[in-house]
Amino acid sequence: MPNEELLYDLADLFKVFADTTRIKILYALMGRELSVGDLAEVIGATQSAVSHQLRTLKQAHLVKFQRDGKNVIYSLSDDHVYTMIAQGMTHICE
């Protein structure tokens with residue numbers, strides 16, 4: 001059994017997936033990089049709502065960003081994020 005701190009961290013990670021706006025953002029970032037404005041357009045949310053949710057996703061290390069002039073471009077942190085979402089979708093679709 002993992003220690004309590006690791007179990008707590010794992011529970012916190014899974015809590016991040018409990019919001020449909022965050023899930024939409026992660027899906028939108030699969031295989032491409034997008035700015036806040038582009039993300040807002042793709043998922044049908046305000047830029048403010050997207051920025052708020054991106055903060056949570058960054059803290060969980062699920063997305064990364066880079067500056068492109070005045071724009072900030074977001075992408076998935078790594079293949080693990082894609083795998084977690086794909087496995088979750090496979091599980092609920094069985």
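**Exercise 1.** Which helix gives the largest share of the lining of the largest pocket?

*Solution.* Keep in mind that we're working with a predicted model.
Step 1: list the lining. Phe-14, Phe-17, Ile-23, Tyr-27, Met-84, Ile-85, Gly-88, Met-89 and Ile-92 line the largest pocket.
Step 2: find the elements that give two or more residues. They are helix H2 (20-28) and helix H5 (79-93).
Step 3: H5 takes the largest share, with 5 residues.
While you're here, sort the lining by class: 8 residues are nonpolar, 1 is polar and none is charged. The pocket's volume is about 200 Å³.

**Exercise 2.** Work out how H2 and H4 are oriented to each other.

*Solution.* 
Step 1: get the geometry. H2 packs with helix H4 (residues 47-59) at an angle of about 80 degrees, and their axes are 10 Å apart.
Step 2: apply the cut-off. Angles of 65 to 115 degrees count as roughly perpendicular, so H2 and H4 are roughly perpendicular to each other.
Step 3: look at who touches whom. H2 brings Thr-21, Arg-22, Ile-25 and Leu-26, while H4 brings Val-50, Gln-53, Leu-54, Thr-56 and Leu-57. That contact has 5 nonpolar, 3 polar and 1 charged residues.

Definitions and conventions. Residues numbered from 1 in each chain as written. Predicted model: local features only at pLDDT ≥ 70, side-chain atom pairs only at ≥ 80, totals over all residues. Heavy atoms only, no water. 1 Å grid on protein atoms, 1.4 Å probe; cavity = no way out; pocket = protein on both sides within 12 Å on 5 of 7 lines; lining within 4 Å. Points joined across faces, edges and corners; volume = space filled by probe spheres on them. Helix = DSSP H or I, 4+ residues; strand = E, 2+ residues; numbered from the N terminus. Nonpolar A, V, L, I, M, F, W, Y, C, P; charged D, E, K, R; others polar. Axes fitted to C-alpha atoms, helices over the stretch in contact; angles between N-to-C directions. Parallel < 35°, antiparallel > 145°, perpendicular 65-115°, else oblique. Contact = heavy atoms within 4.5 Å.
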